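Please examine the sequence and the structure before reading on.

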Amino acid sequence: MKALLMFPDRDFELLAASPWNQGDLTQDLELETLVLAMAAGDEFVGDVARKALLCATRNDVGTVLYRQEVLKDALQNPEVVRGLYRFMGEAIKDSKRQSWGITSHYPSSMLYGATDLLEMFVGRLRALRGIAEEQTGRFHSRGFRALFAMLQRELSDDFLAQIEEHLTISKFRKGLLLSAELGSCNEATQLAPRKDSGKEAGWLQRLLRKGPPAYTYRLHERDEAGGRILGKIRDRGISRVAVALAESAGHVLNFFSMLRTELAFYVGCLNLHGQLVSRQLSVCFPIPSEPGTRSLCFRELYDVCLSLRLERRVVGNLADATGKNLIIVTGANQGGKSTFLRSVGQAQLMMQCGMFAGAETFEAELCANLFTHFKREEDEAMKSGKFDEEVARLSAIVEHVTPNAMLLFNESFAATNEREGSEIARQIVSALLEKRIKVLYVTHLYDFARGFFGREMKDALFLRAERKADGTRTFRLAEGEPLETSYGEDLYRQIFPGEKRVLS
Amino acid sequence: MTFESVLFERDSDRPAQGQTGAPAFFKDLNLDQVVEAITADWKEYDLTAYFHIPLRDVGAVTYRQEIVTDLGEKPVMMAVRVFSKQMREMRNLLAQSKEVHYFNRAMQRLFLGAAETYSGAVGKLLADLRQLRLQSRGLIAFREYLTEYAESVRFQALAEETKRLKEELSAIRYALQIRNGTITVRNYEGEIDYSVAVEETFEKFRKGAAGDYRVDIPRWEGMNHIEAEIQKRVALLYPELFQALEDFCTRHAGYLDGKIAEFDREIQFYVAYLAFVAKLQPAGLSFCLPQVSRMSKEVRADQAFDLALARKLLDKKATVVCNDFHLSGAERIFVVTGPNQGGKTTFARMFGQMHYLASLGCPVPGLRAQLYLCDRLFTHFERQEDPTNLRGKLQDDLIRIREILEHATSDSIVVMNEIFASTTLKDAVFLSKEIVTRLAEVDLLAVCVTFMEELASLNDKTVSVVSMVNPENPAIRTFKLERRPADGLAYALAIAEKHHATYDWIKRRVRE
């Protein structure tokens with residue numbers, strides 16, 4: 001039994017390994033801000049949202065569209081979805097309160113605990129089927145329709161009655177019958193609990209009937225050691241039933257938590273949606289296309305995390321990078337270059353995990369993998385150590401990168417002199433492009449940017465942070481060739497207003 | 001050819017009685033660590049002594065190298081390992097059987113288990129070896145021996161009886177009814193398994209692991225009187241079968257063949273070594289069977305490394321730097337100089353280790369190697385000053401070196417590390433020149449690690465080897481030793497090169 005709200009054919013795995021560069025992605029794209037907004041105080045929703053975002057590049061177009069459908073249903077019926085999520089949460093919470101015996105590892109306590117827990121679950125399953133019956137007409141996505149149909153089909157009255165019968169038998173009120181074989185030293189082994197036919201004859205009848213022989217050993221009353229051994233044989237005998245029942249309880253619990261997990265993602269989407277809409281920010285369902293199609297085109301694309309932090313509208317960008325393999329962004333400091341880079345990364349991940357994106361429109365190919373290579377804050381390491389660290393980080397990316405991946409560089413390789421940094425950047429980007437990897441590179445390395453501009457490549461786009469004639473910034477990017485200076489002078493004037501330049 | 005042993009082709013190749021203990025140079029070359037690591041998982045075979053016996057004869061070395069080559073074929077190694085595993089099981093069962101001797105039926109059953117495991121092991125090994133195209137004289141001869149043994153009446157009878165008894169005992173299934181302090185033993189009458197019924201009901205929820213619902217199934221704590229009482233009653237249900245079991249144990253008390261037991265132990269010498277090799281290979285380290293000679297002193301090796309260091313570095317996930325060396329013509333002595341911590345001593349150890357391992361018939365570290373089969377190996381490494389020794393350190397050093405020179409012949413190998421480091425430079429230069437000249441006169445192979453560059457060009461027998469640093473950043477040790485220094489790269493490119501992040505590297509590294 002599967003929830004199938006995240007994938008048409010399989011479960012969402014909360015424990016799936018995150019990509020190796022999860023730390024970089026999280027830091028560079030400020031994903032924790034996004035996760036916090038989605039969680040809205042529910043840590044579990046946050047965990048699911050985080051995993052869905054980090055693993056987003058593993059989804060195909062079909063999955064993205066499938067989730068968009070489910071999400072649209074959720075946006076139509078937010079209270080039903082939140083209610084179901086709560087209901088699953090309560091069942092799990094109850095089970096935790098009640099499950100002390102089941103994890104005890106003693107067969108008899110486990111048997112008792114499992115029986116107890118399953119009695120509670122039967123009630124929950126019955127109620128869940130009720131919800132499915134009631135709500136099925138209000139949902140249209142493939143995901144929700146399949147879920148509700150499955151619940152009605154699988155949780156029949158017959159099935160629930162069968163569980164209840166097992167729970168009665170498992171108390172072994174009339175002694176225990178085991179089958180056994182001879183082990184490697186002729187000991188009783190392969191002990192298996194047997195369903196006693198119940199019509200066992202007494203010893204007298206057995207004798208008179210000349211039935212098959214039976215030999216009984218009676219423990220001496222004071223044989224305490226023997227009593228303990230016998231108890232252990234009994235425990236070995238019931239252990240398989242205990243485990244079978246405990247595992248069954250565990251499987252039901254897993255079903256509950258899996259359902260809760262997949263619902264949590266949509267609850268997170270609802271939370272974020274609420275926050276963005278309340279700021280009058282536009283959101284859209286992106287149009288995904290297959291990896292390799294090199295589509296990338298958007299209007300009013302903004303940095304979702306920045307907008308969540310700033311509590312005000314932020315500037316959006318417009319670009320058509322259809323058919324481009326390389327986007328180089330140059331221009332003024334504080335001109336919104338990093339913000340732009342982050343907004344592309346965020347929108348890409350949000351799209352690929354089936355969410356809406358922070359833009360008026362967003363159309364893009366799915367990338368096979370997303371990597372960020374951002375300049376790190378200055379640390380105690382000497383300059384040489386820093387450059388070394390940058391190259392090592394790039395090398396790790398190379399180890400994992402595949403064709404149709406997307407690589408976001410932010411001021412990379414500036415930790416050495418410009419000539420050397422440009423040369424390294426040139427080599428790296430050239431090789432990546434030849435390997436069909438999409439590169440977005442924010443840089444001050446003029447040699448490097450100019451070099452690519454001079455190649456007049458059809459598949460390259462050059463964006464520049466805008467600066468008006470009076471030096472103020474629009475925080476918008478526009479198409480434009482790399483320029484020699486990066487307007488550090490502007491920044492200087494802004495920070496030291498009114499002061500004369502020391503050097504003319 | 002009659003089969004003697006997989007380690008020694010002829011009885012006369014075996015070492016004289018009483019020759020045990022590690023050779024004197026073991027510690028200096030870190031071979032003690034290597035052997036400890038190799039044999040660690042094979043303690044029960046007591047293999048260490050085999051690693052203390054070098055072979056002096058090229059033929060004896062090739063005899064082993066052939067076996068190594070055969071064992072390098074996966075199916076051959078698999079066959080041997082399967083056999084050893086079964087033999088180990090057999091020994092365990094025999095030990096257990098002895099432990100429970102006061103419970104007859106348990107003891108007999110364990111003995112039967114041991115005999116069954118043994119005959120299974122022999123049968124399986126023979127069947128496996130017959131499928132294989134063996135090349136080594138040693139394994140071919142063993143296969144012949146095994147064939148004869150397996151066809152013997154004695155073994156056939158053992159195998160058949162074991163099989164029949166085991167089948168009949170295993171087929172028994174009985175019922176135990178436990179109620180109020182009584183146990184009733186009777187025949188099982190086909191009642192259905194209750195836990196299966198439960199599992200079937202919940203099948204639809206089943207997926208992956210359910211969580212940690214292991215029970216501590218009370219462990220089988222060995223035989224006890226209750227089990228004995230149960231067995232007694234099962235025996236009442238099947239009296240003839242239990243009598244047959246008792247007879248079997250008397251008739252086949254001494255079933256184990258001596259040669260086969262010896263093979264099981266001796267073959268572990270190779271198995272242990274090759275398992276050790278297999279641990280290092282995934283890190284890109286190569287091993288090869290060296291060409292050994294007692295005639296040519298033109299030794300060479302490509303991509304060789306220090307085995308003891310490699311093991312330690314791999315534990316720390318660090319990379320191992322490989323080095324090449326060669327001597328040609330009249331060249332006999334490597335004089336190793338260069339900055340400290342640059343891999344000089346490692347180079348010296350590596351040279352010694354490789355020659356010693358070659359003399360065991362083992363594969364040596366490196367992609368290719370041609371090595372000299374020496375008569376003796378000597379090392380001179382710096383010692384901690386011994387306060388109880390009345391002689392001074394310099395004097396002590398000289399005495400040790402004199403002993404080496406007294407015993408060394410033109411067929412020997414000498415490894416010297418940082419000689420005379422504790423004396424004045426003038427003395428050290430003088431003494432070292434003397435010693436190296438003497439070594440050259442003997443015409444033996446040697447490695448001398450030193451800080452005295454004067455030695456490097458002493459005569460036509462010495463070859464200078466230098467541990468390299470990155471010329472742009474002398475703080476970076478490359479651990480490469482070369483016969484001449486190489487050119488440096490520009491700093492940034494050197495870093496990019498170091499991380500394999502240049503254009504060429506990325507083109508090569510990105511997976512399609």
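A residue is buried if 20 or more other C-beta atoms, placed from the backbone, lie within 10 Å of its own, partly exposed below that, and exposed if 12 or fewer do. The model is predicted: local features need pLDDT of at least 70 and side-chain atom pairs pLDDT 80 or more, whereas totals for chains, interfaces and linings use all residues. Residues are numbered from 1 along each chain as its sequence is written, and chains are lettered from A and ligands numbered from 1 in the order in which they are written.

**Helix 2 of chain A**
- In helix 2 (residues 31–39) of chain A, the buried residues are Leu31(A), Leu34(A), Val35(A), Ala37(A), Met38(A) and Ala39(A); helices (H or I, at least four residues) and strands (E, at least two) are DSSP runs, numbered from the N terminus.
- These buried residues pack against helices 1, 3, 10, 11 and 12 of chain A, contact requiring C-beta atoms, placed from the backbone, within 7 Å.
- Ala40(A), with a positive phi near 45°, follows helix 2 of chain A.

**Contact between chains A and B**
- In chain A, 82 residues are in contact with 74 residues of chain B.
- Helix 10 of chain A gives the largest share of the chain A side, 23 residues.

**Strand pairing across the chains**
- Strand 3 of chain A and strand 2 (residues 182–187) of chain B run antiparallel and are joined by 5 bridges; strands pair if DSSP finds at least two bridges between them.
- Tyr217(A) has Ile183(B), in strand 2 of chain B, as its bridge partner.

How values were computed: Contact = placed C-beta atoms within 7 Å.
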